[in-house]
Amino acid sequence: MKLLIKNGHVIDPANGIDEVTNIFVENGVISEVGVDNDLDGLDIEIIDASGKIVAPGLVDMHVHLREPGQEYKEDIETGTRAAVCGGVTSVACMPNTDPVCDNETVVTYIKKRAEEVGYANVFPVGAISKGLEGKLLAEIGEMAFAGAVAVSDDGRPVENSGMMRRAIEYAKMFDVIVISHCEDPALGEGDMNEGAVATAMGLRGISPAAEEVMAARDILVAEAIGGRVHIAHISTRGTVELIREAKKRGVKVTCETCPHYFALTEEACMGFNTNAKMNPPLRTADDVAAIKEGLADGTIDCIVTDHAPHHPDEKQCEFGYAKNGIVGLETSLGLGIKCLVKEGVLTMSQLIEKMAVNPAHILGIAKGSLAVGQAADITIFDPEKPWTVDITKLHSKGKNSPYDGFELFGKPEYVIVNGEVIVNQFELMR
Ligand SMILES: [Zn+2]
Ligand SMILES: [Zn+2]
């Protein structure tokens, strides 16, 4: 199996490459970069990438695949298909499944299932506490040996500061990262961001402090013990500032945001649009500006989707009863190009750093690079080519996206996972 990707604009920030060149793939592995054009010959599949960007496959370190137990929302097959259609070749999947991924058996099950039916590489995240109950620490070492790359109680905060401290200590011993869903539940009871829009709609507001109080605590705990912590889905100016200051002091804190926190504001909830309901909630225009500043100055390391598929019945209901979260795998690259690259917030190379290089680095996985010898995970797209989001055509089982009808750019045209060209197979099926 030989594949030549010709004349593409290769952007590989991990190796300092940003030029038009060719990539040669043999037996699923990148075997040469900058190879001659005249390799054309028998038994070589050729992709003409002229005018397109050739990037490392994107790495999304915050995804809910819902399997085991909630396959009516999504499963590993459909979730990873949605991923590759969005240019994402590796995902880290959160443990709030049923049963909870809090032991080596579930970690092993997810890995095995992903090998059988998955289109993207799947890296399980184990729970911090047994059953996500916040009472007893899960077997972090066992899960790490079984292949968990991180631990998190995502969906819920770790309320007990002592437990967070022990989780960071154990995670350090087993070389995995703690991902913290920051939310002080006593401040977080509500349906959308606290403020004028919530008041006008008669909905309960969630204070930005719900996120910031917990982010501050996690930073201080990590600082006190010299451990690492990764703050999930940051949404407020205050959290950006806390992390910026902590990084200046040398605290080992990293963080992520999601496209909805730079593409949308709380006003998207108007009309009781449940596809704009999430946790943390959409914030104000000032928060959006702060998120963009944090992305531009390096405070925010990663862009992740927090892909959270739900059944229509869980969204087509009263706002207060609707589940939190949206699907995101198929729109994240397009939103990054539209709201960040085209607006001059990030260069294309910086966007790829935040969507591939940095998450791989934080998780400690050999992804996000087009170096010779790496598994050939490659995403090819034309950032000038517009496309329109049609939620009925999403590959995810979840259609809960607020972006229906949005014009985005750069829909992936070829996505290659371990040397196999995946995406245009699905496009041909349509
Ligand atoms: Zn979360
Ligand atoms: Zn999540």
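The protein chain splits into domain 1 (2-54 + 376-396 + 408-429) and domain 2 (67-363). Where the two meet, 28 residues from domain 1 and 29 residues from domain 2 take part in the contact. The centres of domain 1 and domain 2, taken over C-alpha atoms, are 28 Å apart. Keep in mind that this is a predicted model.

**Overall build**

- The protein chain holds 13 helices and 20 strands.
- Its radius of gyration is 21 Å, close to the 22 Å that the globule rule gives for 430 residues, so the protein chain is as compact as a globular protein of that length.
- Along the principal axes, the C-alpha atoms fill a box of roughly 65 × 45 × 45 Å.
- Of the 430 residues in the protein chain, 60% are buried.
- The accessible surface of the protein chain is about 16,200 Å². Carbon and sulfur atoms account for 49% of that surface.
- Take the contacts between residues at least 6 apart in sequence: 75% of them join residues at least 24 apart.

- Strands of a sheet pair through backbone hydrogen bonds, either parallel or antiparallel.
- Strand 7 (residues 88-93) pairs with strand 8 in the parallel sense over 4 bridges. V91 stands opposite V122 in strand 8.
- Strand 8 also runs parallel to strand 9, joined by 2 bridges. In that pairing, G126 stands opposite V151 in strand 9.
- Strand 9 (residues 150-151) is joined in turn to strand 10 (residues 177-180) by 2 bridges, and these strands run parallel. The bridge partner of V151 in strand 10 is V178.

**A closer look at strand 8**

- How many residues of strand 8 (residues 121-126) are buried? The count is 6 of its 6 residues.
- In a regular strand the side chains alternate between the two faces of the sheet.
- Both faces of strand 8 are covered. N121, F123 and V125 are buried on one side. V122, P124 and G126 are buried on the other.

**Strand 5 and its two partners**

- Strand 1 (residues 2-12) and strand 5 (residues 53-56) run parallel, joined by 2 bridges. V10 stands opposite V54 in strand 5.
- Strand 5 also pairs with strand 16 (residues 378-381), this time in the antiparallel sense, over 4 bridges. P56 has I378 in strand 16 as its bridge partner.

**Cysteines**

- The whole structure has 0 disulfides.
- C269 is in no disulfide, and the nearest cysteine sulfur, that of C317, is 14 Å away.
- C317 counts as partly exposed, at 30% relative accessibility.

- Where is N275? N275 is in the loop between helix 8 (260-263) and helix 9 (285-296).
- N275 counts as buried because its relative accessibility is 16%, and the cut-off for buried is under 20%.
- Not counting residues up to four places away in sequence, N275 touches K315, I326, K399, N400, S401 and P402.
- K338 lies in helix 11 (residues 332-341). K338 is partly exposed, with a relative accessible area of 31%.
- Which residues does K338 contact, leaving aside its neighbours within four places in sequence? They are E343, E407, L408 and F409.
- K338 and V253 are 85 residues apart in sequence. In space, they are 28 Å apart, C-alpha to C-alpha.

Technical notes: Residues numbered from 1 in each chain as written. Chains lettered and ligands numbered in written order. Predicted model: local features only at pLDDT ≥ 70, side-chain atom pairs only at ≥ 80, totals over all residues. Heavy atoms only, no water. Pairing = 2+ DSSP bridges. Disulfide = S-S within 2.5 Å. Buried < 20%, exposed > 50% of the residue type's maximum accessible area, 1.4 Å probe, protein only. Rg over C-alpha atoms; globule rule 2.2 N^0.38 Å. Contact = heavy atoms within 4.5 Å. Areas by Shrake-Rupley, 256 points an atom, 1.4 Å probe, with all protein chains shown as cover. Domains from an automatic or database assignment.
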